[in-house]
Amino acid sequence: MSKFIIKNKNIFILLLLSSAYFFTLFNRFSLTVLAINIIDEVPFLQDKLGLIGSAYFYCYAPMLFFSGIIVDYFGSRFSLKIGLFLLTVGCLIFSRALSLTLFLVSRGIIGLGSALVATPSTKLIRETFQE
């Protein structure tokens, strides 16, 4: 009976971490889908769309290095919570942005949050399925 409960708990953890990582991938590619709507609402951003898209990666790539240090220092669960919080805040700012500055800041926050979700997720999966 206890093996069955542990196995179900492990599967539940895997599903939660997979869904968290899905949201990082969703936010990575969502700008391509939303580009037409953003240009319709804020027409002066048409030539700045590439800059908005790259703001994500300018924050994501360096933060991957530091996220490993943060995960080791603060722990996987806390880092994952902070990453999901940053993703949420970045998405809320992005949904209400009407200026280039807010678009850039929100995509940067989303990039930071995505990096803080990727590293702890893989570490938690490794720790959960160590057997």
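## Overall picture

What share of the 131 residues in the protein chain do buried residues make up? Buried residues make up 36% of them, where buried means under 20% relative accessible area, exposed means over 50%, and partly exposed covers what lies in between, as found with a 1.4 Å probe on protein chains only. This is a predicted model, in which local features need pLDDT of at least 70 and side-chain atom pairs count only at pLDDT 80 or more, while totals for chains, interfaces and linings use all residues. Residues are numbered from 1 along each chain as its sequence is written, and side-chain values use heavy atoms, with hydrogens and water left out.

The secondary structure of the protein chain comes to 4 helices and 0 strands, and along the sequence the pattern reads α-α-α-α. Helices (H or I, at least four residues) and strands (E, at least two) are DSSP runs, numbered from the N terminus. The C-alpha atoms fill a box of roughly 60 × 30 × 20 Å, taken along the principal axes. Among contacts between residues at least 6 apart in sequence, 78% join residues at least 24 apart, where a contact means heavy atoms within 4.5 Å.

## Confidence in the model

The predictor's confidence in each residue is given as pLDDT, on a scale from 0 to 100. The protein chain has a mean pLDDT of 88, and 94% of its residues reach 70 or more. Where pLDDT is low, the predicted coordinates should not be read in detail.

A search of the whole structure finds 1 salt bridge, which is defined as a side-chain nitrogen of Lys or Arg within 4 Å of a carboxyl oxygen of Asp or Glu. The salt bridge is formed by D72 and K123, whose closest N and O atoms are 3.5 Å apart. This pair links distant parts of the chain, with D72 in helix α2 (residues 49-74) and K123 in helix α4 (residues 100-128), 51 residues apart. D72 is exposed, with a relative accessible area of 60%.

The C-alpha atoms of S76 and K123 are separated by 7.0 Å, although the two residues are 47 apart along the chain. Leaving aside its neighbours within four places in sequence, S76 is in contact with V71, P120, K123, L124 and E127. S76 is buried, with a relative accessible area of 7%.

## Aromatic rings and the charges over them

How many aromatic pairs does the structure hold? The count comes to 9, under a rule by which rings of Phe, Tyr and Trp (its six-membered ring) pair if their centres lie within 6.5 Å, with planes under 30 degrees apart counted as stacked, over 60 as edge-to-face and the rest as tilted. One of the pairs joins Y56 and F57, which are edge-to-face, with 4.9 Å centre to centre and 80° between the planes. The rings of F57 and Y60 have their centres 6.5 Å apart and their planes at 90°, so this pair is edge-to-face too. F57 and Y60 both lie in helix α2, 3 residues apart, which is about one turn of the helix. Y56 is buried at 0% relative accessible area, F57 is partly exposed at 40%, and Y60 is buried at 11%. Elsewhere, F22, F23 and F26 form one aromatic cluster.

A charge sits over a ring if NZ of Lys or CZ of Arg is within 6 Å of the ring centre and within 35 degrees of the ring normal. The charged end of R28 sits over the ring of Y60, 4.9 Å from its centre, and the charged end of R107 sits over the ring of F94, 6.0 Å from its centre.

Y56 and Y60 are also among the contacts of S114, which lies in helix α4 and touches T24, Y56, Y60 and L87 when its neighbours within four places in sequence are left aside. S114 counts as buried, at 0% relative accessibility.

## Cysteines

The structure holds 0 disulfides, a disulfide being a pair of cysteine sulfur atoms within 2.5 Å. The sulfur of C59 is 14 Å from the closest cysteine sulfur, in C91, which is too far for a bond. C59 counts as partly exposed at 25% relative accessibility, and C91 is partly exposed at 29%.
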